[in-house]
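Subject: Structure for you to look at

Hello,

Here is the structure I said I would pass on. Please open it next to this message and follow along; my notes come after it.

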Amino acid sequence: MKITEILKRRGRLREIRFDDGTYILLDLKLFEEASLKVGDEIEEQTLLSAVEEDDKQRAFIKSVDYISRAIKTKKQVKDYLLKKGFSLEVAYYAIDKLKDYGYIDDKEYAKSYVESTSKTQGKRLVSFKLMQKGVKKEDIEVAYSERDEEIDRENAKLLAEKRL
């Protein structure tokens, strides 16, 4: 495939058009790393690799933006990226990178969630909600085991009094 035109698009994107009428959008960083210019011949496999790498970078950036609003679980990030149109492979790449940077941690999420909701909700309901968010049962049990049992008894008593 031969590059016929390179156009600047919104933000950091470059549109690369080919002689067969197809085009791709690449991030500026990848575009510059590939040193692409009009007239270059590019193999389809090289093109697919560049697009996959671009998808991985965009998925990571989207996921960082998503978790910057509030802490999230791995499942929540995966669901968000799939909803945005990324492949499962790309979503897992972004999640692994987030974990490597310490940006997501389901155990910490469970601890924080238990701490913030246990005064108004019972253990079973909180556990159920955490499992819906993709937190493993073991992580939920650890989050509860690290809490003071006296506090849990007081919260249970208060919740019971509210219902009576």
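I will begin with the largest pocket. Helix 2 gives the largest share of its lining, 6 residues. Keep in mind that this is a predicted model.

The volume of the largest pocket is about 420 Å³. It is lined by 14 residues, and those closest to its centre are Leu 13, Asp 27, Gln 57, Arg 58 and Ile 61. Two elements give two or more residues to the lining: strand 3 (23-27) and helix 2 (44-69). Sorted by class, the lining has 8 charged, 4 nonpolar and 2 polar residues.

The other item is a pair of helices. In general, two packed helices are described by the angle between their axes and the distance between the axes. Here the pair is helix 3 (residues 74-83) and helix 4 (residues 88-101), whose axes come within 9 Å and cross at roughly 140°. Helix 3 is therefore oblique to helix 4, since only angles over 145 degrees count as roughly antiparallel. The crossing of these two helices is right-handed.

Which residues make the contact? From helix 3 they are Lys 74, Val 77, Lys 78, Leu 81 and Leu 82. Helix 4 brings Leu 88, Ala 91, Tyr 92, Ala 94, Ile 95, Leu 98 and Lys 99. By class, the contact between helix 3 and helix 4 holds 9 nonpolar and 3 charged residues, with no polar ones.

Regards

Methods: Residues are numbered from 1 along each chain as its sequence is written. This is a predicted model: local features need pLDDT of at least 70, side-chain atom pairs count only at pLDDT 80 or more; totals for chains, interfaces and linings use all residues. Side-chain values use heavy atoms; hydrogens and water are left out. Axes are lines fitted to C-alpha atoms, for helices over the stretch in contact, and angles run from 0 to 180 degrees between N-to-C directions. Helices (H or I, at least four residues) and strands (E, at least two) are DSSP runs, numbered from the N terminus. Angles under 35 degrees count as roughly parallel, over 145 as roughly antiparallel, 65 to 115 as roughly perpendicular and the rest as oblique. A crossing is left-handed if the near helix is turned anticlockwise from the far one by less than a right angle, and right-handed if clockwise. Contact means heavy atoms within 4.5 Å. Ala, Val, Leu, Ile, Met, Phe, Trp, Tyr, Cys and Pro count as nonpolar, Asp, Glu, Lys and Arg as charged, and the others, Gly among them, as polar. On a 1 Å grid over the protein atoms alone, a cavity is a set of points where a 1.4 Å probe fits but cannot get out, and a pocket is an open set with protein on both sides within 12 Å along at least five of seven lines; lining residues have an atom within 4 Å of a point. Grid points are joined across faces, edges and corners, and a volume is the space filled by probe spheres set on the points.
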